[in-house]
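Please examine the sequence and the structure shown below before reading the briefing.

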Amino acid sequence: MVQYMGSISLLLAALLFIVLQPYSATAAVTYNVVNLGARGDGNTDNTKAFLDAWAAACGSASPATIYVPPGRYLLRNAVFRGCNNHAITFIIHATLLAPSDYRVIGNAPNWLGFQDVTGVSIIGGVLDAQGIDLWACKMSGKNCPSGATTLRFTESNNILVRGLISLNSQMFHIVINGCHNVKLQGLRVSASGHSPNTDGIHVQLSSGVMISDTKIKTGDDCVSIGPGATNLWIENVDCGPGHGISIGSLAKGLEEEGVQNVTVKSVTFIGTQNGVRIKSWARPSNGFVKHVVFQHIAMVNVQNPIVVDQNYCPRQENCPGKASGVKVSDVRYEDIHGTSASEIAVKFDCSPTNPCNGIKLKDVKLTYKNKSPKSLCANAEGMASGFVMPASCLL
């Protein structure tokens with residue numbers, strides 16, 4: 001009994017010791033870029049100040065915030081590399097400006113890049129890449145830099161980007177490459193409808209990516225989905241102008257990872273070149289597309305509302321002229337309605353050696369000049385249910 005009471009006393013003493021200890025967790029810290037030398041005057045090069053803020057946040061043992069107060073901050077290309085701090089948040093109440101001379105960053109792969117990071121969040125802010133002069137150079141046929149992607153995450157995990165505005169990217173606006181668990185919420189992407197290669201969001205070799213509540217106006221695909229994209233969810237997106245939401249282009253090479261488990265729902269396309277599209281070059285490939293859902297889609301004057309193009313060759317120059325090796329299967333089109341700007345509203349141009357199969361159309365209603373448009377199929381197998389207009393041509 002005495003031994004038992006002694007054990008109880010020791011236990012109570014230990015608990016009391018824990019309770020009375022001062023709270024030892026380190027409070028979150030904030031690094032204001034202005035305090036590190038940044039000036040939001042639109043002229044001062046602030047690249048070093050931003051990288052210094054990143055280094056300080058990386059060195060923190062507790063969650064860190066990098067704060068960018070109101071102003072216009074000029075930045076050259078910068079890479080923010082991974083570190084031991086897996087809880088760094090950028091809160092941006094400002095516009096970040098790329099150099100007005102496109103040649104300064106035009107040959108860099110990215111303007112702002114995050115490499116091997118975990119737990120990074122970007123909240124708010126405007127990224128203005130000032131790409132208009134580079135677009136003009138490209139369209140004039142002159143020898144121009146290829147242009148930098150505005151924002152790229154590579155080999156990174158647990159990423160959140162919310163409320164960001166991307167303007168006038170030189171090349172792609174946002175690229176997610178080799179990443180896992182990425183949320184892109186409430187973004188606004190804007191570039192001229194004639195701007196070349198300015199894809200809004202490109203996802204490849206990544207899993208668990210969600211794009212939601214976003215508006216994209218650009219000169220290329222609003223969202224492009226490359227090889228190795230899996231478990232991708234796109235919801236509540238407005239697209240237009242632009243080239244639509246595209247899986248591909250695929251079959252750029254023989255060895256290529258497939259695309260699977262993609263959901264695109266509650267999307268509105270306005271005046272776009274395409275609506276929902278799957279595209280692959282006509283050459284051998286071990287790639288594939290499967291388990292895809294396009295659901296609750298509105299089309300407003302869209303040139304090609306529903307299209308699978310396995311003879312993709314946009315300029316009709318040096319086309320492979322072979323059969324695409326990409327296998328397209330289990331693709332569902334449900335509750336798609338609106339207007340087509342062309343007489344052929346549904347086109348399945350599939351590979352002769354790897355026909356599309358498991359294509360399902362359900363409750364599709366598209367019109368062309370207040371009449372029923374046409375559908376066109378080649379090497380496409382599947383079924384239709386509910387009301388479908390134009391009439392299905394699936395085998």
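This is a predicted model: local features need pLDDT of at least 70, side-chain atom pairs count only at pLDDT 80 or more; totals for chains, interfaces and linings use all residues.

Residues are numbered from 1 along each chain as its sequence is written, and side-chain values use heavy atoms, with hydrogens and water left out.

**The sheet**

- An open sheet is formed by 11 strands in the order S5-S8-S11-S14-S17-S19-S21-S23-S25-S27-S29, and the pairing is parallel.
- The edges of this sheet are strand S5 (78-81) and S29, each of which pairs on one side only.
- Direction ignored, neighbouring strands of the sheet are turned by 15 degrees against each other on average.
- Strands of a sheet pair through backbone hydrogen bonds, either parallel or antiparallel.
- Helices (H or I, at least four residues) and strands (E, at least two) are DSSP runs, numbered from the N terminus, and two strands pair if DSSP finds at least two bridges between them.
- S5 and strand S8 (residues 110-115) run parallel and are joined by 4 bridges.
- Alanine 78 has leucine 112 in S8 as its bridge partner.
- Helix H2 lies across S5 and S8, running at about 0 degrees to S5.
- Contact means heavy atoms within 4.5 Å; axes are lines fitted to C-alpha atoms, for helices over the stretch in contact, and angles run from 0 to 180 degrees between N-to-C directions.

**Aromatic rings**

- The structure contains 11 aromatic pairs. Rings of Phe, Tyr and Trp (its six-membered ring) pair if their centres lie within 6.5 Å; planes under 30 degrees apart count as stacked, over 60 as edge-to-face and the rest as tilted.
- One of these pairs, tryptophan 54 with phenylalanine 90, is stacked, at 6.1 Å centre to centre and with 15 degrees between the planes.
- This pair links distant parts of the chain, since tryptophan 54 belongs to helix H2 (residues 47-58) and phenylalanine 90 to strand S6 (residues 88-92), 36 residues apart.
- Tryptophan 54 and phenylalanine 90 are both buried, a term for under 20% relative accessible area, with exposed meaning over 50% and partly exposed in between (1.4 Å probe, protein chains only).
- The pair of tryptophan 281 and tyrosine 312 is edge-to-face, because the ring centres are 5.3 Å apart and the planes stand at 80 degrees.
- This pair also links distant parts of the chain: tryptophan 281 is in the loop between strand S23 (274-280) and strand S24 (288-302), and tyrosine 312 is in the loop between strand S25 (304-309) and strand S26 (327-340), 31 residues apart.
- Tryptophan 281 counts as buried at 16% relative accessibility, and tyrosine 312 counts as buried at 14%.
- One aromatic cluster is formed by Trp54, Phe80, Phe90, Phe114 and Phe153.
- The charged end of lysine 290 sits over the ring of phenylalanine 288, 5.0 Å from its centre; this description requires NZ of Lys or CZ of Arg within 6 Å of the ring centre and within 35 degrees of the ring normal.

**Cysteines**

- A search of the whole structure finds 6 disulfides, a disulfide being a pair of cysteine sulfur atoms within 2.5 Å.
- When the bonded cysteines of the chain are numbered in sequence order, the pairing is 1-2, 3-4, 5-6, 7-8, 9-10, 11-12.
- Cysteine 222 is joined to cysteine 239 by a disulfide with an S to S distance of 2.1 Å. The torsion about this S-S bond is about 85 degrees, so the disulfide is right-handed.
- Cysteine 222 is buried at a relative accessible area of 0%, and cysteine 239 is buried at 2%.
- Cysteine 350 and cysteine 356 form a disulfide with their sulfur atoms 2.0 Å apart. The torsion about this S-S bond is about -100 degrees, so the disulfide is left-handed; both cysteine 350 and cysteine 356 are buried.
- Another disulfide joins cysteine 377 to cysteine 393, S to S 1.9 Å, and this link is right-handed, with 75 degrees about the S-S bond.
- Cysteine 377 is partly exposed, with a relative accessible area of 23%, and cysteine 393 counts as partly exposed at 23% relative accessibility.
- Why is the sulfur of cysteine 179 too far for a bond? The closest cysteine sulfur, in cysteine 83, is 15 Å away. Cysteine 179 is buried, with a relative accessible area of 0%.
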